[in-house]
Amino acid sequence: MFRSLTPIYFFLFLTLIVSCGDSPFLSNEEPSKAISGVSGISSYQGKLFLKDIEIIPRYTKKVELYDSNSLNFILINGSGELVDPEYSIKLMLWMPDHGHGSYPIVLTKISKGVYSASEIYFTMPGKWDLHFQLIDEGQIVAEELWPIAL
Amino acid sequence: MAYSSLKIFFLVAFSVNTYAASCCGGGGGSSSVVTSEDRAKVYLSYRNAAYVYDVDTLGNASKRTTDEEEVLESMNIGGAYIFDNYFQLAMSTSVNKVTKRTSSKEESTSDISDSKISIAYEFLQEKYYSRWKPRGFIYFSQLVPTGNSRYDAEKPLQTDITGGGFHKSQVGLTLFKVIDNFDVTVDLNSAYYHSESFNDVSVYRFPSTEFSISAGVSPGYSPVRVGLSYSYKYDGHSELEFTDGRINHSKGSRVSTIGLGVNYLAGDISYGVNYFDQTLLAGSRNSSLEKSLLLNISKAFPL
């Protein structure tokens, strides 16, 4: 009886070993020490506009995968003055190739034309677009994309 | 020899699997057709998969670092019953645990994944000996989205994505042949995803197609089978329509998987250890690539 149960016990032991701790296949590649983030986070060189309002964003620190990232941005008009948009503003992360977003971004107004966005989670490596949107009664009236690759 | 040949059938039931990227519910693709001379089968399997590469739409691969760890563990249970010798019904469900980890943060979630019910018919029956004529099965599977989809994810790192989110109808064809102590299995299937509406978005996902081939040998007609498998899966793109007027399109994905497995048959119980690797072959597109280990135990109930 014990001989017939031995394979079962061995199999259960093997399952227990494999299921405890880290996966045996995880990479041992060390993360790059290159500085990324702040103004250099995106390869996008153009200016960002929502209607006739320019957006100038900056991440507050090096952007990390799986971490809560934050950025500050200001909105200025053609004369360089800080302005608030006519409509409500919303930020959203989107992964265009995979067709999914991320955790809802929290937006806080600091002062006229100065905003802070937090809880920006990049949930996997790859190409992301940060969407700046103007919303009027639940509908998007203007949108600008700021690409980023992790 | 006939006895060994029949038992070999039983060992190949789980030799082929294709798994999807974690962001999309990470599901398995095995048909679970029972090809042995048994009345019923129940099985339990455990899979541990680590996502180690990401491939973009152009095929450029980047290796994940120690700060980008993502592991999927899946416990699957199911069974199949054969009616009238040629019809069979199978059901399965699973529980997934997703873990994402950096050097300073970790998030982990366990929850039920999608469930599946399948019906198969042996249209190419082995009524006389033929060295070359295979046994053929056609099957229909219906996947029920009992798991949590990425459109319903609430956690910051989306580790609560345990299912695909779609009702999926799949039709397939399996050809199976044993020659002496060698066996070959070929499977081709296509899946249709029913349109679904989530909180603020309606999604239409284009069909997927999967092809796989597996070959194995039982050295010296022993109860041990060593097998090699290859599978290729193409997932169509998605169209998303949001309530705020936005329309988005995602890109399709392609993944090739190589598998190596060892199975041991002790009486009516089969034990298997399988290794799957999506990083060995080129040609994958727009997906996360994994390496995984699958342990499975099955018990057959004879006629």
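Modeller: This is a predicted model. Start with the nonpolar surface patch of about 780 Å², which is formed by Tyr81(B), Phe83(B), Phe87(B), Leu89(B), Met91(B), Ile117(B), Ile119(B), Phe140(B) and Val171(B).

Colleague: Which strands each supply at least two residues of the nonpolar patch?

Modeller: In chain B, these are β3 (69-83), β4 (87-101) and β6. β4(B) gives the largest share, 3 residues.

Colleague: Is Tyr81(B) buried, partly exposed or exposed, and why?

Modeller: Burial is read from relative accessible area: under 20% is buried and over 50% is exposed, with partly exposed in between. Tyr81(B) has 39% relative accessibility, so this residue counts as partly exposed. Tyr81(B) belongs to strand β3 of chain B.

Colleague: What about Ser118(B): buried or exposed?

Modeller: Ser118(B) is buried, because its relative accessible area is 8%. This serine is in strand β6 (residues 115-124) of chain B.

Colleague: Which residues does Ser118(B) touch, leaving out those up to four places away in sequence?

Modeller: Ser118(B) touches Gln88(B), Leu89(B), Ala90(B), Phe140(B) and Ser141(B) on that count. With Ser141(B) there is a polar contact between the two side chains, at 2.8 Å.

Colleague: How do strands of a sheet pair?

Modeller: Strands of a sheet pair through backbone hydrogen bonds, either parallel or antiparallel. In chain A, an open sheet of 4 strands runs in the order β5-β4-β8-β9, with antiparallel pairing. Its edge strands, β5 (100-101) and β9 (139-149), each pair on one side only.

Colleague: How many bridges join β4 to β5 in chain A?

Modeller: There are 2 bridges between β4 (residues 88-95) and β5(A), and the two strands run antiparallel. Met95(A) has His100(A) in β5(A) as its bridge partner.

How values were computed. Residues numbered from 1 in each chain as written. Chains lettered and ligands numbered in written order. Predicted model: local features only at pLDDT ≥ 70, side-chain atom pairs only at ≥ 80, totals over all residues. Heavy atoms only, no water. Buried < 20%, exposed > 50% of the residue type's maximum accessible area, 1.4 Å probe, protein only. Polar contact = N/O pair within 3.5 Å; in protein donor to acceptor, adjacent residues only side chain to side chain. Contact = heavy atoms within 4.5 Å. Patch = residues over 30% accessible without salt bridge, like charges linked within 9 Å, V, L, I, M, F, W, Y side chains within 5 Å. Areas by Shrake-Rupley, 256 points an atom, 1.4 Å probe, with all protein chains shown as cover. Salt bridge = Lys/Arg side-chain N within 4 Å of Asp/Glu carboxyl O. Pairing = 2+ DSSP bridges.
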